Amino acid sequence: MTLLRWAAAAALLAAVLLAVAGCAADPSGEDSSAGSASGSGLPGEGEPSGAGARPVVQVVEGGGSQVYLDPGAAPTSDLGRLRARHLPVWTPEFDWAFPPEACGTAWELDGIAAPSDGSLAVLGDPAAASALTVMRYEHQFTSALAAPEPLGQLCVATASVGPARRGALDVLVSYLDSGVHRREPAAFPEAVRVLGASPTGALAVACVQPGYAEVVSADGAVVEAPRASARLQAYLMTLARGLEDQVVDLSYRVWEASHRPADDCSALEGWTVEWQAQVQAWIDEGQLWSPLAAEVTVQGLCDSPPPDGPDECPRDWLP
């Protein structure tokens, strides 16, 4: 992805956030904010045995299309009906699965979210929140590709919105359809550099190793061999609000991601300079961005979390 396209993406993101600021919109679109609540999410017809012990979900709805991305979807709960409009391959687990249980995430990370305005103060230290978002995105996406299953779509969605979510889900669905998987286990960067921040977003870069894992078919045959030993990544993040209940749960999620193969992580220095220039270009255009120069490590998050939060250690995430 070129820097020019990133600038266009940033402008589009600003337009989306302006459209949702202070008002409710239709969540049936891919990335619109939430409105009034309808439906209690109480167990209904087709409820699995023992579902009464599950948390009650009050799905945030705003009317609009009930068309499911998977024509064969047959959800039996309000939660499932919401998810069937955003996740392309239906599984009955979407009626009741909760990301903390299925994906090892925090409770505030609803499976379905959309860009929103709001106060970044709820996230605690903005650099730490940005770094955790990047690490979670990589962890959830690579975990889903290492063990592809329909429920993995929910986990990918807990870490992303917009183009990043659509792209990641498209890749996962191709794995589900073909029966391939990545031989390399899930991975996330040990350090993230946060280069800029806006009133509702952030830009960060990182190096992920290994960049390309071996991809194998269901019978164990190698269909794609490693092509590089590292992957340089840039992440444009946005503040997002969960749509699965009436509680105002805000979090950073990856809106768009760009990558470049590399021989090793020494190329991160040049990559960082490129994206610092992009932040400055947005500032020169009059966009509300501020340059940052923060590096957040897994060790720092786990051993010395910021006093105002977030207090989360990536080492504790499910493998």
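Student: Trp282 and Trp289: buried or exposed?
Tutor: Trp282 is buried, and Trp289 is buried as well. Buried means a relative accessible area under 20%, exposed means over 50%, and partly exposed lies in between, with a 1.4 Å probe and protein chains only.

Student: What kind of model is this?
Tutor: It is a predicted model, in which local features need pLDDT of at least 70 and side-chain atom pairs count only at pLDDT 80 or more, while totals for chains, interfaces and linings use all residues. Residues are numbered from 1 along each chain as its sequence is written, and side-chain values use heavy atoms, with hydrogens and water left out.

Student: Back to rings. How many aromatic pairs does a search of the whole structure find?
Tutor: The search finds seven. One of them is Trp90 with Phe94, an edge-to-face pair at 5.6 Å centre to centre with 70° between the planes. Trp90 is buried at 14% relative accessible area, and Phe94 is buried at 0%. Trp282 and Trp289 also form a pair, this one tilted, with 4.7 Å between centres and 40° between planes.

Student: What are the cut-offs for a ring pair?
Tutor: Rings of Phe, Tyr and Trp (its six-membered ring) pair if their centres lie within 6.5 Å; planes under 30 degrees apart are stacked, over 60 edge-to-face, and the rest tilted.

Student: Which rings link into a cluster?
Tutor: Tyr137, Phe141 and Tyr235 are linked by ring pairs.

Student: Fine. How many helices and strands are in the chain?
Tutor: The protein chain has eight helices and nine strands. These are DSSP runs numbered from the N terminus: helices are H or I with at least four residues, strands are E with at least two. Of its 319 residues, 51% count as buried.

Student: Where is Thr133?
Tutor: Thr133 lies in helix α4, residues 126-146. Its relative accessibility is 4%, so Thr133 counts as buried. The side chain of Thr133 reaches the backbone oxygen of Ala129 at 2.8 Å.

Student: What does Thr133 touch?
Tutor: Setting aside residues up to four places away in sequence, Thr133 touches Met237, Tyr252, Arg253 and Val254. Contact means heavy atoms within 4.5 Å.

Student: And Thr272, where is it found?
Tutor: Thr272 is in helix α7, residues 268-284, and is buried at 6% relative accessibility. Its side chain makes a polar contact with the side chain of Arg193 at 3.0 Å. A polar contact is a pair of N or O atoms within 3.5 Å; within protein, one must be able to donate a hydrogen and the other to accept it, and residues adjacent in sequence count only if both atoms are side-chain atoms.

Student: What stands opposite Arg193 in β4?
Tutor: Val205 does. Thr272 touches Arg193 and Val205, along with Leu195, not counting residues up to four places away in sequence. β3 and β4 pair in the antiparallel sense over four bridges, and a hairpin of three residues joins them. Two strands pair if DSSP finds at least two bridges between them.

Student: How many residues of β4 are buried?
Tutor: Eight of the eight, so β4 is largely enclosed by the rest of the structure. Gly201, Leu203, Val205 and Cys207 point one way, and Ala202, Ala204, Ala206 and Val208 the other. β4 also pairs with β7, antiparallel over eight bridges, and the bridge partner of Val208 in β7 is Arg231.

Student: Next topic, the largest nonpolar core. Which members touch the most others?
Tutor: Met135, Val192, Tyr235 and Met237, out of 29 residues. α4 gives the most to this core, with eight residues. A nonpolar core is a set of buried Ala, Val, Leu, Ile, Met, Phe, Trp, Tyr and Cys residues joined through side-chain atoms within 4.5 Å.

Student: What is Met135 in contact with?
Tutor: Leaving aside neighbours within four places in sequence, the contacts of Met135 include Phe188, Val192, Val298, Leu301 and Trp317. Apart from this core lies another, of 26 residues, among them Leu82, Phe98, Phe141 and Ala157.

Student: Last one. In what order do the three strands of the open sheet run?
Tutor: The order is β2-β5-β6, with antiparallel pairing. β2 (181-182) and β6 (222-224) stand at the edges with a single partner strand each, so one side of each has no neighbour in the sheet. His181 stands opposite Val216 in β5.
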